[in-house]
There are 2 protein chains.
Amino acid sequence: MSTWKDELKEILPDRLLTEPADCERYQRDMVADRTLHRLPEAVVLPQSTEEVRNLMRLASRHRLPVTPRGGGSGLSGGAIAAPGGIVCSLERMDRVLEVDEENLMARLQPGVITRELDRRLEPLGLFFAGYPMSEEICTIGGNVATNAGGGRAVKYGVTAAHVLGLNVVTASGELLELGGKRLKDVTGLNLLPLFVGSEGTLGIITEITLRLTPRPSHRGVLLASFPAVDLATAAVGALRRGGAVGEAAGEVPSAIEYIDGATARGAAAELWRQGGGIVTAIASPAEAILLVEAEAQSEGELAGHLERYSRALTTNGGKLLRGSDAELWKLRKAVPWWVKRQSGQWHSVEDVVVPPAEVGALVRRARTLAAKAQLPVAIFGHAGDGNFHINPMKPPQISEEEWEPILARFLTDLYQLARSLGGTISGEHGIGRKRRRYVADAIPASTLAAMQAVRLAFDPEGILNPGVLLP
Amino acid sequence: MSTWKDELKEILPDRLLTEPADCERYQRDMVADRTLHRLPEAVVLPQSTEEVRNLMRLASRHRLPVTPRGGGSGLSGGAIAAPGGIVCSLERMDRVLEVDEENLMARLQPGVITRELDRRLEPLGLFFAGYPMSEEICTIGGNVATNAGGGRAVKYGVTAAHVLGLNVVTASGELLELGGKRLKDVTGLNLLPLFVGSEGTLGIITEITLRLTPRPSHRGVLLASFPAVDLATAAVGALRRGGAVGEAAGEVPSAIEYIDGATARGAAAELWRQGGGIVTAIASPAEAILLVEAEAQSEGELAGHLERYSRALTTNGGKLLRGSDAELWKLRKAVPWWVKRQSGQWHSVEDVVVPPAEVGALVRRARTLAAKAQLPVAIFGHAGDGNFHINPMKPPQISEEEWEPILARFLTDLYQLARSLGGTISGEHGIGRKRRRYVADAIPASTLAAMQAVRLAFDPEGILNPGVLLP
């Protein structure tokens, strides 16, 4: 009797890694918690839809668990193999098949790096507006599989808003063709969005049709510091209506990002070691920082937007800080890396989401929770969407053995807080392996049962990314 | 043994119509083909989610087919009862539960008339941007169940883009709570969009959370006539990039609507019987008309947009026509009613959709098809979305008996044309009972099987709107 490994070698000889040393880099994604890492039994690197179909037919016969993988930049352990399972890495399916300028659409294979697509689109005056902030490493397929959200989601929406078509290979090796180059489609059930954010549990995405967006010719950034969190979150409310304060609504900013004072100071001090500039400007008593980005098609229009946004910031007690646009974004982008360096694997990257009007309550109460647990916490994120990274870090006096239960208690409280405000436990990073045990508390039982029934309808034997997303 | 009617009388005594005279107005929606009409066995008019749950528990026990119904303004026979089945009309669940200005969201029951919601939102400077053009009669629940598209979808997207939360009662009476007041959510599988456009086959929607949009303070409309279809469709391409002709992209128009010359002339002559004005301006040789709408937050911004859009129209051979904004929209809105009056039930309302760059080919080839079939055809629609109403009408020389097979042949050809251009058979009106027999040709077999598996997972006994949507 041949084993699945023998059969794989036969049908995909040049696409297979079985030596542990070769598989080693596929044992993790970017989840902090190393206990979630696992060496796959093998790694398959298909180069075509047909090869993915052959893989899944084989996996289905052998009930072999398969975990699809994009750039490995996920933060929740969603791209890590199941026990006894393999990884299907889409990295070799990395071609931009077509940039269709007339239709403002692109067709691509899933392994295209997000930034690579942008390099293709920039000279054409176009962009993919749903990109996440990890664009240098994440793949478009991974973005779709996790429904990733980006720094400009407040204006353009998350990945799902830009996916028009998908080819998907199911657990049994069937090919589903969903959507296409169409802006409207009510022919049959709308299965496409079900696959967006399904973390590889319903099928393996092998082709993607994206909507492209005309690239704004002018962008401008404001950074403001606030002496109190509530003032910053009040400004967010005005900015969500385009900076309107008792007047008609305006164009919404393309980014409304929040960083708490201490976190911003830490990241800035590391970025600009000689001090001065931004470092001085965000010194205490700055309790909160907002970054706001305007987009326009002319200098005049940009100036108008920036004036409105400035007013929304200053009338709420914000102090505007000087700096080039690139410098201001640099601060925001440095924050997650600074948090990571503070504590290595001994922190947790969180992304709870609440109704946008509740961001003040969320930040205030999360700080109270962290103080109670005696945990340092970095708070930053996409304030305009109500989506916050509230990242606890292990303090030196807590041992590595003590950390896990302390973290679990804090996360339970944090998730409960998000739910009590009408929110939920993940807005963009997903459930993966990391948050799976918290899902049953986050979703009503009958709704969760419906999700499980749909998963079962697509994958009756549970071979697609088992252990991920649903309990 | 009690019958389902006795039980219904017992549990919902004040919510039940069983007399044929009372049920008469529920035998049709706005589908033209009267052979699709059917008198329901009873009509239930629930007033709460709990009553809908009780109804479905009973229906499930008796395997009683239930067709949910909103405003009855559907054009595809999706709200007509199955043989031996009943209608569940949501018309009494018509309360706006909450307008949440801070979050820019509203919670409503499904029976709210779309225009009623707008009346509530207008004084607050907000609107529901996904509304369809039948706003005076359609309900929000119906819009969601059909994923209706509107005259401003080219800028704001269709209904699905604005639905954040749904409460849904399943075939067995379970309550699903999907989404909520959240702009991002990747907690579990994304079931919500599956229900949008499912035509009542997966569950009955009992509560909706909508995203609201700041209302632009300034709007302006342009109408242009073109001596050839290809010139008009070339202008559409430029307008989709915000009126850019060899320059940086601009803000996309909030409407790009097409009317063919003969149809526009017919509707205009009826609207303005004394002639002059628009009637004269669109006289032959105008072959195609485009209506373009600009939105802005100031007079200056509006003027800028209108100038760009004017240039996109005139550089493609368009001649701008004068008229107030209301007058110009009046012409576009009168067209479907004029078509209806031309032929009563002896026409067919179609809404094929193609990639936007293919609109020229679609219109040209649809005209050829109509000429070959010797059928008068009215062509108009949402050119910016690639979504066209190509409505054949029975000519006087064809008898009513001959009409059905001639129409079926024309539709088969029209749908085949849409598919050959990368499009599909319905962009906004849905499948209903009318297009069901064409679905198997429009969707690949394995994809269709997946849709059927999902439907079965939600409704194993097939009691929710059987005979609709899928073959």
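Trainee: Where is B:Lys434 placed in this predicted model, and what makes B:Lys434 count as buried?

Mentor: B:Lys434 sits in the loop between α14 (400–420) and α15 (439–442) of chain B. Its relative accessibility is 12%. Buried means under 20%, so B:Lys434 counts as buried.

Trainee: What makes the pairing of the side chains of B:Lys434 and B:Ser348 a polar contact?

Mentor: The two side chains are 2.7 Å apart. The cut-off for a pair of N or O atoms is 3.5 Å, with one able to donate a hydrogen and the other to accept it. The pair is therefore called a polar contact.

Trainee: Which other residues are in contact with B:Lys434, leaving aside its neighbours within four places in sequence?

Mentor: Besides B:Ser348, the list holds B:Val31, B:Leu36, B:Leu75, B:Ser76, B:Val349 and B:Glu350.

Trainee: Why is B:Pro123 called exposed?

Mentor: B:Pro123 has a relative accessible area of 68%. Exposed means over 50%, so the term applies to B:Pro123. The residue is in the loop between α4 (114–121) and β7 (126–127) of chain B. Its C-alpha atom is separated by 9.9 Å from that of B:Arg215, although the two are 92 residues apart along the chain.

Trainee: Why is B:Ile137 called partly exposed?

Mentor: The relative accessibility of B:Ile137 is 36%. B:Ile137 lies in the loop between β7 and α5 (140–146) of chain B. Among residues beyond four places in sequence, B:Ile137 touches B:Met30, B:Gly71, B:Ser73 and B:Ile113.

Trainee: What value does phi take in B:Leu469, and how do you know whether B:Leu469 is buried or exposed?

Mentor: Phi of B:Leu469 is near 75°, a positive value in a residue other than glycine. B:Leu469 belongs to the segment after α16 (445–458) of chain B. Its relative accessibility is 0%; buried means under 20%, so B:Leu469 is buried.

Trainee: How do you know that the buried residues of α1(B) are on the same side of the helix?

Mentor: In helix α1 (residues 4–11) of chain B, the buried residues are B:Trp4, B:Glu7 and B:Leu8. They cover an arc of only 100° around the axis, and this places them on the same side of α1(B). An α-helix has 3.6 residues a turn, so residues three or four places apart point the same way. The buried residues of α1(B) pack against β1 (16–17), β2 (43–44), α3 (49–62) and β4 (86–89) of chain B.

Trainee: Which residues are buried in helix α1 of chain A?

Mentor: They are A:Trp4, A:Glu7 and A:Leu8. Their directions fall within an arc of 100°, so they line one face of α1(A). Their cover includes β1 (16–17), β2 (43–44), α3 (49–62) and β4 (86–89) of chain A.

Trainee: What makes the relation of chain B to chain A that of a two-fold axis?

Mentor: Chain B can be laid on chain A by a turn of 180° and a shift of 0.0 Å along the axis, with an RMSD of 0.0 Å. That is the relation of a two-fold axis.

Trainee: How do you know that the copies meet through the same surface?

Mentor: Of the interface residues of chain B, 100% are also interface residues in chain A, so the copies meet through the same surface.

Trainee: Which residues have the most contacts inside the largest nonpolar core?

Mentor: They are A:Leu191 and B:Leu191, in a core of 190 residues. A:Leu191 touches A:Leu178 and A:Phe458, and also residues of chain B, including B:Leu194, B:Thr447 and B:Val454. Apart from this core lies another, of 24 residues, among them A:Ala267 and A:Trp338.

How values were computed
Residues numbered from 1 in each chain as written. Chains lettered and ligands numbered in written order. Predicted model: local features only at pLDDT ≥ 70, side-chain atom pairs only at ≥ 80, totals over all residues. Heavy atoms only, no water. Least-squares fit on C-alpha atoms with pLDDT ≥ 70 in both. Contact = heavy atoms within 4.5 Å. Helix = DSSP H or I, 4+ residues; strand = E, 2+ residues; numbered from the N terminus. Buried < 20%, exposed > 50% of the residue type's maximum accessible area, 1.4 Å probe, protein only. Core = buried A, V, L, I, M, F, W, Y, C linked by side-chain atoms within 4.5 Å. Arc of directions from axis to C-beta.
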